[in-house]
Amino acid sequence: MNSLSGRLRREHDTLVCMTRIYCEHHHDSRDGADLCAECSRLMQYAQRRLQKCPYGTDKPTCANCPIHCYKPAERQMARDIMRFAGPRMTWRHPFRALNHLWDKIRQVEHPMNKRQKLTRHRGRADG
């Protein structure tokens, strides 16, 4: 199911952990499933968005990303999940929480800036 790798995989797995925490506290009937149907749909949506991320493996955390790739409803739901589960991640998944904090302070360059630099560099090499 998960065709992501590296940092993108880690980010998706962290979001899944956060969603589990949120879902356990907010959605009662899951019929033995890992997540309720609504949360499962959001995780599938998040995976598709990560697969298409223009940053690739250099992706910043969602909170620091200038590109808002989620639709408004999905973005709000992800925000609610992160707001609720974020503080609880420290106790439930301390290493994931630390990795996420580390990723949050990491500086990344916007894909358009990278593309412009590459184009300028090629122009000088061709001339």
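Helix H3 supplies the largest share of the lining of the largest pocket, nine residues. This is a predicted model, in which local features need pLDDT of at least 70 and side-chain atom pairs pLDDT 80 or more, while totals for chains, interfaces and linings use all residues. Residues are numbered from 1 along each chain as its sequence is written, and side-chain values use heavy atoms, without hydrogens and water.

**Pocket**

- The largest pocket holds about 760 Å³ of space.
- Its lining counts 34 residues, and Thr61, Cys62, Ala63, Met82 and His100 are the closest to the centre.
- Two or more lining residues come from each of H1 (6–26), H2 (37–51), H3 (72–92) and H4 (94–105); helices are DSSP runs (H or I, at least four residues), numbered from the N terminus.
- By class, the lining has 19 nonpolar, seven polar and eight charged residues.

**Glu11**

- Glu11 belongs to helix H1 and is buried, at a relative accessible area of 12%; buried means under 20% with a 1.4 Å probe, protein chains only.
- Beyond neighbours within four places in sequence, Glu11 contacts Leu50, Lys59, Pro60, Thr61 and Cys62, where contact means heavy atoms within 4.5 Å.

**Thr14**

- Thr14 also sits in helix H1 and is buried, with a relative accessible area of 6%.
- With neighbours within four places in sequence left aside, the contacts of Thr14 are Met89, Arg96 and His100.

**Terms**

- A pocket is an open set of points on a 1 Å grid over the protein atoms alone where a 1.4 Å probe fits, with protein on both sides within 12 Å along at least five of seven lines; lining residues have an atom within 4 Å of a point.
- Volume is the space filled by probe spheres set on the points, which are joined across faces, edges and corners.
- Ala, Val, Leu, Ile, Met, Phe, Trp, Tyr, Cys and Pro are nonpolar, Asp, Glu, Lys and Arg charged, and the others polar.

How values were computed. Buried < 20%, exposed > 50% of the residue type's maximum accessible area, 1.4 Å probe, protein only.
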